[in-house]
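Please look through the structure below before reading on. The paragraphs after it go through some of its contacts.

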Number of protein chains: 2
Amino acid sequence: MTTRERPTLEAVARRAGVSRATVSRVVNGSTTVAATIREAVNRAVDELGYVPNQAARSLVTQRTDSVALILPETANRVFSDDLFFPAIIRGVGMELEAADKQLVLMMTGSEAGHHRVERYAVAGHVDGVVFASIHGADPLPGALARRGIPVICSGRPMTAEPPVPYVDVDHAGGVAAAVRHLITTGRRRIATIAGPQDMVAGIERLAGYTGTLRAAGLPELVVTGDFTRESGIAAMRALLDRDPDLDAVFVASDLMAHGALMALREAGRQVPADVAVIGFDDFEISRYSDPPLTTVRQPIGEMGRTLARQMLLLINGDEIPESVVLPTELIVRDSA
Amino acid sequence: MTTRERPTLEAVARRAGVSRATVSRVVNGSTTVAATIREAVNRAVDELGYVPNQAARSLVTQRTDSVALILPETANRVFSDDLFFPAIIRGVGMELEAADKQLVLMMTGSEAGHHRVERYAVAGHVDGVVFASIHGADPLPGALARRGIPVICSGRPMTAEPPVPYVDVDHAGGVAAAVRHLITTGRRRIATIAGPQDMVAGIERLAGYTGTLRAAGLPELVVTGDFTRESGIAAMRALLDRDPDLDAVFVASDLMAHGALMALREAGRQVPADVAVIGFDDFEISRYSDPPLTTVRQPIGEMGRTLARQMLLLINGDEIPESVVLPTELIVRDSA
DNA sequence: TTGTACGCGTTATCAT
DNA sequence: ATGATAACGCGTACAA
């Protein structure tokens, strides 16, 4: 608990027998410094254990070299067995680390947390804010952007003013490929377990399903879940209840698809003989489900890395496109 | 992307027709300000959307009002289905939020990440650092403490200089109660699946097992896991291999205990008829396992809250005890 | 009760 | 190549 004095630039300068300016140059890697002096300064830095004061530095540079990643969820949900957030975090973290930026993780399930995040960012604690997912018409991204803070979202925001740049995957394309695969393989009563309709991912995947079925002139059957395994179980039961003869189901997330698999087994249905199942995500575990899950792969890690890269560009003052859409891909295994 | 000028104290002062000092007083809630002036200032603050610059403020106050929570793990592990970290994070987060401090989450699985954390903290980005778990003789807590940065650990650190205050649970007591329960109910060949031996939690739980069995003059049988479900499965298989006649097993974590349950079923053993199983943690899911798990409850959420409270005291300059040890409790259900 | 003036530790501009 | 010196935006003695 020795609240020992932290050495300042001044102290290092005295010890090395130079001016503050020179020490600053050395610390920041300027090339216009004589080798001998540089060495003396570095020695003094080491001996004193000098580390630049971030507040003082930020005050003049207007930068903090750290980026906030906002998870608009409670810790409960972030740390559930859903692997979406971990993958995003890992992707963002890797790219940021490579750029020598610090990642500041913030969870804001509550309204109050929301406000805290806004103040935190506006106060200049971070150089930019990455949103890992958006619920409904969350005003926060727009509010921050309006303040001149670099913002980027994962998934197209539902609000539009000001437009906030985003990175997303081709939900509709992936779903269309999945549903077409079902149709091509002879399925005719194709239901869906949709995701939450307050999130763009949920909405667009449902739209992909609806659009493709309509184009094929086939009937629609929709039940909504919330991306969790439990909701998948409940939704599958509801579907079987409403149409015992359905022969396929497109499920908007792998986790829900696993739930659906469980419910189908419980109901005595064979997969894929009786009912074909296709998920969305392509989590690692989906390769080992029983049967292995046919699913639409979305590149979540790549999405995280892209988010970070776009953020770094923004911070750097570069122009970036309003959206980057990553491709999805149908992975055919045994369930459909 | 409008990098609009952020209003400063000066701007607010001009608008409100007062001095900077007065605005500062209002913003920081000083009582020695006339009501009418306070109102005028607040109006100016709102109109301009003024938010104090954190860097400038920190520079003079030497505080940032944020606390780092270090998870010395990779994102993989933090976001696995182990519910230890989520519970800690929630506990720390709640208490910090109540104190109006911001939680900064940092994962440092790698060596480089370790170094980044040190610089981050020493640079004064946060007022204090909470460690959510410690591996081996991690020098980081000590290094930070030596720098005069408030530090507190979850679990007794294995290094001792300088001593870093910690919050822990009574591992040995809980384990002893569990093992005695097994002995009392007639078990004689009591094995254990221990936790990783580079962590105090793993070491002390094993010590509790060993000590109790020795005192009772019973044989020991130890296999080590890493707290994951998979390692529990493997360890249980190994135990059955080494002693097919064992009649009880104390498992150092609930997750591993669930793995053990699976392996026992796979081997055709009845629980608890053939083999009694006791876990450690008392996660919610353990109430619903088959059979419901007898386990040692450790108050993880309370641990998180205590960590935060102690940290707040440290930041406040108060003295705190070198350790706080929370009680554990044997929860008897059906598996033993 | 309000204002003046100084200092927090850096970086950056300008001389030298 | 190096050294004064002026910001950066704020809190707070101290003075009024």
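**A buried glutamate and its partners**

Glu95(A) is buried, its relative accessible area being 18% (buried means under 20% relative accessible area, exposed over 50%, partly exposed in between, with a 1.4 Å probe and protein chains only). This is a predicted model, in which local features need pLDDT of at least 70, side-chain atom pairs count only at pLDDT 80 or more, and totals for chains, interfaces and linings use all residues. Residues are numbered from 1 along each chain as its sequence is written, chains are lettered from A and ligands numbered from 1 in the order in which they are written, and side-chain values use heavy atoms, with hydrogens and water left out.

Glu95(A) forms a salt bridge with Arg309(A), with 3.5 Å between the closest N and O atoms (a salt bridge is a side-chain nitrogen of Lys or Arg within 4 Å of a carboxyl oxygen of Asp or Glu). Because Arg309(A) lies in helix H13 (residues 300-315) of chain A and Glu95(A) in helix H6 of chain A, the pair ties together parts 214 residues apart in sequence; helices (H or I, at least four residues) and strands (E, at least two) are DSSP runs, numbered from the N terminus. Arg309(A) is partly exposed, at 31% relative accessible area.

Within helix H13 of chain A, Arg305(A) and Glu302(A) are 3 residues apart, about one helical turn. Their side chains meet in a salt bridge of 2.9 Å, N to O. In chain B, a salt bridge of 2.7 Å, N to O, joins the side chains of Arg15(B) and Glu47(B). Arg15(B) is in helix H1 (residues 9-16) of chain B and Glu47(B) in helix H3 (residues 35-48) of chain B, 32 residues apart. Back in chain A, salt bridges with shared partners join Glu95(A), Glu302(A), Arg305(A) and Arg309(A) into one network.

Now to the interface. Which side chains meet in a salt bridge at 2.9 Å, N to O, with one in chain A and one in chain B? They are those of Arg116(A) and Asp100(B). The count between chain A and chain B is 2 salt bridges. The contact (heavy atoms within 4.5 Å) takes 47 residues from chain A and 48 residues from chain B.

Beyond its neighbours within four places in sequence, Leu69(A) contacts residues including Ile89(A), Val92(A) and Leu103(A).
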